[in-house]
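Please read it alongside the sequence and the coordinates.

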Amino acid sequence: MNEKIDFVLLWVDGNDPKWLKEKEKYSSSKNLGTSNTKNRFRDWNNLQYWFRAVEKYSSWVNKIFFVTWGHVPSWLKENKKLQIVKHEDFIPKEYLPTFNSNTIILNLHRIKGLSENFVLFNDDMFLNDYVKETDFFINGIPRDQFSYNLISSTGNENDSFNHMLLNNIDIINKYFKKADVTKRNIFKIFNLKYSLNNNIKSFLLLAWEKITGFENPHIAYSYKKETFSKLWELELITLHNTCKNKFRGLNDVTDWLIRYWQLCTSNFKPRKSKFGVYLEIKDENERIKKVILEKKAKLICLNDVGEYKNFNKTAQEIIEIFETTLPNKSEFEK
């Protein structure tokens with residue numbers, strides 16, 4: 001019998017004047033790189049469709065943990081499945097206040113009442129079709145995709161994200177030998193559930209002695225709390241130093257380190273690479289409309305690329321697309 005599965009949703013209201021005032025206290029030119037730009041905190045006013053999708057497509061979910069700085073949408077209604085969690089409720093005081101998503105995520109295992117098995121959503125990640133518990137966990141084992149990739153620096157000192165991925169890989173190579181990982185996961189790496197491109201890329205990267213990186217589908221991931229605890233035990237200083245940073249920075253590690261650990265220890269079961277799709281919101285959103293309306297993927301990520309001729313018009317277009325498939329209010333709305 002499968003164990004309970006919770007959803008964790010991270011959200012910030014980038015328009016909240018109180019939050020903005022506190023953020024400005026700690027902001028400087030040093031921490032305003034591409035990982036901390038305004039669009040990373042911008043609210044698209046479409047979160048209600050996340051809840052509508054969860055209610056429609058995954059009624060089986062145990063609980064939803066809504067993680068927030070302290071603000072909540074005015075339309076959000078109490079629900080037996082919903083638990084609002086403020087940063088101060090689970091993040092150690094020495095790391096607060098924080099505007100670093102890595103700090104927030106790396107401490108999720110401390111949330112009181114959170115199930116051992118949970119799925120982590122950013123607020124730009126939506127269910128787009130009916131899903132089953134076994135799409136995320138099978139008998140307590142996370143579903144995921146293991147494909148090797150090559151991670152490198154972009155050469156841009158303001159682009160901290162790839163640096164963080166390299167930091168993750170550095171730790172993985174500290175504990176795992178690629179040959180052992182590959183042997184342990186041979187049929188999980190080369191798998192018909194993945195695209196041909198993924199399999200070819202993994203094969204070509206076998207020539208490298210060290211792990212050079214992993215394919216990172218930008219979708220919601222299945223996690224186990226025990227893996228977080230394990231990494232805190234083994235890499236206390238690294239995670240502590242990351243959490244001390246008020247904003248994401250070059251020396252951080254990310255939650256994908258937790259995911260990589262699950263992959264390397266073979267604590268996962270393969271899932272189709274087409275299960276989720278990453279989409280960039282632009283001034284023209286015909287592809288997004290097609291993916292949503294034609295159910296091209298069960299999970300979608302609508303990433304805010306940050307450059308629009310008319311942000312309000314683009315935001316309204318996204319809402320109109322969602323209204324087509326999710327027109328009815330959920331039990332989470334007033």
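Which residues does Leu108 touch, not counting residues up to four places away in sequence? In this predicted model, Leu108 touches Val8, Leu10, Val67, Phe90, Leu114, Phe118 and Leu120. The points below start from the core around that residue.

**Nonpolar core**
- The largest nonpolar core has 94 residues.
- Leu108 is one of the residues with the most contacts inside this core, and the others are Trp50, Phe51, Phe121, Leu127 and Phe214.
- In soluble globular proteins, nonpolar side chains tend to be buried together.

**Second largest pocket**
- The second largest pocket holds about 360 Å³ of space.
- Its lining is made of 18 residues, and Pro217, Ser273, Gly276, Val277 and Tyr278 lie nearest the centre.
- By type, the lining residues are six nonpolar, eight polar and four charged.
- At least two lining residues come from each of helix H8 (196–204), strand S10 (276–281) and helix H12 (286–293).
- S10 gives the most to this lining, with three residues.

**Helix H10**
- Leu239, Thr242 and Cys243 are the buried residues of helix H10 (residues 236–244).
- These residues lie on the same side of H10 because they cover an arc of only 95° around the axis.
- An α-helix has 3.6 residues a turn, so residues three or four places apart point the same way.
- The packing partners of the buried residues of H10 are helix H4 (101–106), helix H9 (225–234) and helix H11 (256–264).

**Trp60**
- Trp60 sits in the loop between helix H2 (47–57) and strand S2 (64–68).
- Its relative accessibility is 22%, so Trp60 counts as partly exposed, given that buried means under 20%.
- Leaving aside neighbours within four places in sequence, the contacts of Trp60 are Ile5, Phe7, Lys81, Val131, Lys132, Glu133 and Phe136.
- Trp60 and Leu257 are 197 residues apart in sequence, and their C-alpha atoms are 28 Å apart in space.

**Backbone exceptions**
- Most residues other than glycine have a negative phi, and most peptide bonds are trans.
- The peptide bond from Leu96 to Pro97 is cis, with omega near -5°; Pro97 lies in the loop between helix H3 (87–90) and H4.
- Asn45 is not a glycine, yet its phi is positive, at about 60°.
- Asn45 belongs to the loop between helix H1 (17–26) and H2, and is partly exposed with a relative accessible area of 44%.
- Lys295 also has a positive phi, near 55°.
- The loop between H12 and strand S11 (299–304) contains Lys295, which is partly exposed with a relative accessible area of 29%.

Technical notes: Residues numbered from 1 in each chain as written. Predicted model: local features only at pLDDT ≥ 70, side-chain atom pairs only at ≥ 80, totals over all residues. Heavy atoms only, no water. 1 Å grid on protein atoms, 1.4 Å probe; cavity = no way out; pocket = protein on both sides within 12 Å on 5 of 7 lines; lining within 4 Å. Points joined across faces, edges and corners; volume = space filled by probe spheres on them. Helix = DSSP H or I, 4+ residues; strand = E, 2+ residues; numbered from the N terminus. Nonpolar A, V, L, I, M, F, W, Y, C, P; charged D, E, K, R; others polar. Core = buried A, V, L, I, M, F, W, Y, C linked by side-chain atoms within 4.5 Å. Buried < 20%, exposed > 50% of the residue type's maximum accessible area, 1.4 Å probe, protein only. Contact = heavy atoms within 4.5 Å. Arc of directions from axis to C-beta.
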